[in-house]
Amino acid sequence: MKIEVWSDFACPFCYIGKRRFEAALDNFEHKNEVEVVFRSFELDPNAPRETEESMHSILASKYGMSIEKAKAMNDNMTDQAKAEGLDYHFDTLKPTNTFDAHRLTHWAGEFGKRYEMTERLFKAYFTDSELLGDQAVLARLAGEIGLDAKDAAAMLESDAYKADVREDEGQSSKLGISGVPFFVVNQKYGISGAQPKDVFVNALDNIWREDHPLTMVDGGDDLACKDGSCAMPTDKA
């Protein structure tokens with residue numbers, strides 16, 4: 001089973017959805033037969049690398065609400081994150097452009113560390129208040145998960161993996177994905193949003209059963225009871 005997850009590091013529901021999905025996967029009988037691949041998605045491709053605006057003011061401006069209401073919404077999101085064991089800090093969060101962060105995950109994937117890089121970037125953004133638009137910060141974070149920070153910095157200074165990010169985004173467009181997180185199973189089934197763990201568990205179980213139907217062993221059905229009666233064995237002696 002292959003599960004592709006489209007998400008953005010600037011998406012608070014994406015980190016929450018990741019945790020809920022991981023909890024579901026831990027309860028899935030066939031976990032060891034599942035391949036999980038994180039795909040790139042930018043909520044705001046035009047976002048600046050740095051801004052003086054807080055996340056509260058950006059949210060207030062986007063939805064035409066007061067700063068107080070925006071803070072209340074972010075407090076609610078913080079509570080939802082806490083329920084999943086995550087620690088969000090919207091007061092110190094640094095809004096930024098996530099394109100280079102997505103490039104970094106593709107590069108990390110060359111060393112088998114795309115999943116680890118994805119996790120580190122989410123934590124860096126929502127918990128540690130790191131500026132993910134800063135290439136020096138990104139290189140350091142790569143070093144923290146065991147990759148070569150100097151090589152990461154050199155990659156980020158180049159145009160490497162830009163096409164890979166665009167390819168992920170192109171796939172999401174073809175699939176009709178307009179919001180994240182979005183989970184695609186076997187390129188056939190879609191799960192939208194940071195669903196509760198039980199929703200993921202049921203979906204995984206149902207998809208597995210549908211894709212792995214029972215294979216009958218030919219032996220006849222004369223030794224079974226059905227339709228309210230039982231077939232009696234025939235004396236062949």
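Which element gives the most to the lining of the largest cavity? I shall come to that after a word on the model.

Good morning. This is a predicted model, in which local features need pLDDT of at least 70 and side-chain atom pairs count only at pLDDT 80 or more, while totals for chains, interfaces and linings use all residues. Residues are numbered from 1 along each chain as its sequence is written, and side-chain values use heavy atoms, with hydrogens and water left out.

Let me turn to the opening question. The structure holds 1 cavity of 30 Å³ or more. A cavity is a set of points, on a 1 Å grid over the protein atoms alone, where a 1.4 Å probe fits but cannot get out; lining residues have an atom within 4 Å of a point. A volume is the space filled by probe spheres set on the points, which are joined across faces, edges and corners. For the largest cavity, the volume is about 50 Å³. Its lining consists of Ser7, Phe9, Phe38, Arg39, Ser40, His102, Thr105, Arg114 and Thr118. Two or more of the lining residues come from each of β2 (35-40), α4 (99-109) and α5. The answer is β2, which gives the most, with 3 residues. Helices (H or I, at least four residues) and strands (E, at least two) are DSSP runs, numbered from the N terminus. By class, this lining has 2 nonpolar, 5 polar and 2 charged residues. Here Ala, Val, Leu, Ile, Met, Phe, Trp, Tyr, Cys and Pro count as nonpolar, Asp, Glu, Lys and Arg as charged, and the others, Gly among them, as polar.

Next, the largest pocket. A pocket is an open set of points with protein on both sides within 12 Å along at least five of seven lines. The largest pocket has a volume of about 810 Å³. Of its 30 lining residues, Ala10, Pro12, Leu43, Met55 and Lys62 lie nearest the centre. At least two lining residues are supplied by each of α1 (12-26), α2 (55-63), α3 (67-83) and α5 (114-126). The lining of this pocket comprises 19 nonpolar, 7 polar and 4 charged residues.

I now move to the sheet. Four strands form an open sheet in the order β2-β1-β3-β4, with mixed pairing; two strands pair if DSSP finds at least two bridges between them. At the edges are β2 and β4 (189-192), each pairing on one side only. Inside the order, β1 (residues 2-7) and β3 (residues 182-185) pair in the antiparallel sense over 4 bridges, and Ile3 has Val185 in β3 as its bridge partner. The helix α1 packs on the sheet and touches β1, β2 and β3, its direction making about 170° with that of β2. Contact means heavy atoms within 4.5 Å. Axes are lines fitted to C-alpha atoms, for helices over the stretch in contact, and angles run from 0 to 180 degrees between N-to-C directions.

How do two helices meet? Two packed helices are described by the angle between their axes and the distance between the axes. For α4 and α8 (residues 162-174), the angle is about 100° and the axes are 9 Å apart. These helices are therefore roughly perpendicular to each other, a term for angles of 65 to 115 degrees. In α4, Phe99, His102, Arg103 and His106 meet Lys162, Asp164, Val165, Arg166 and Asp168 of α8. The residues of this contact divide into 2 nonpolar, 2 polar and 5 charged.

Finally, two backbone details. The peptide bond from Val180 to Pro181 is cis, with omega near 5°, and Pro181 lies in the loop between α8 and β3. Tyr161, in the loop between α7 (149-157) and α8, has a phi near 70°, a positive value in a residue other than glycine.

Technical notes. Angles under 35 degrees count as roughly parallel, over 145 as roughly antiparallel, 65 to 115 as roughly perpendicular and the rest as oblique.
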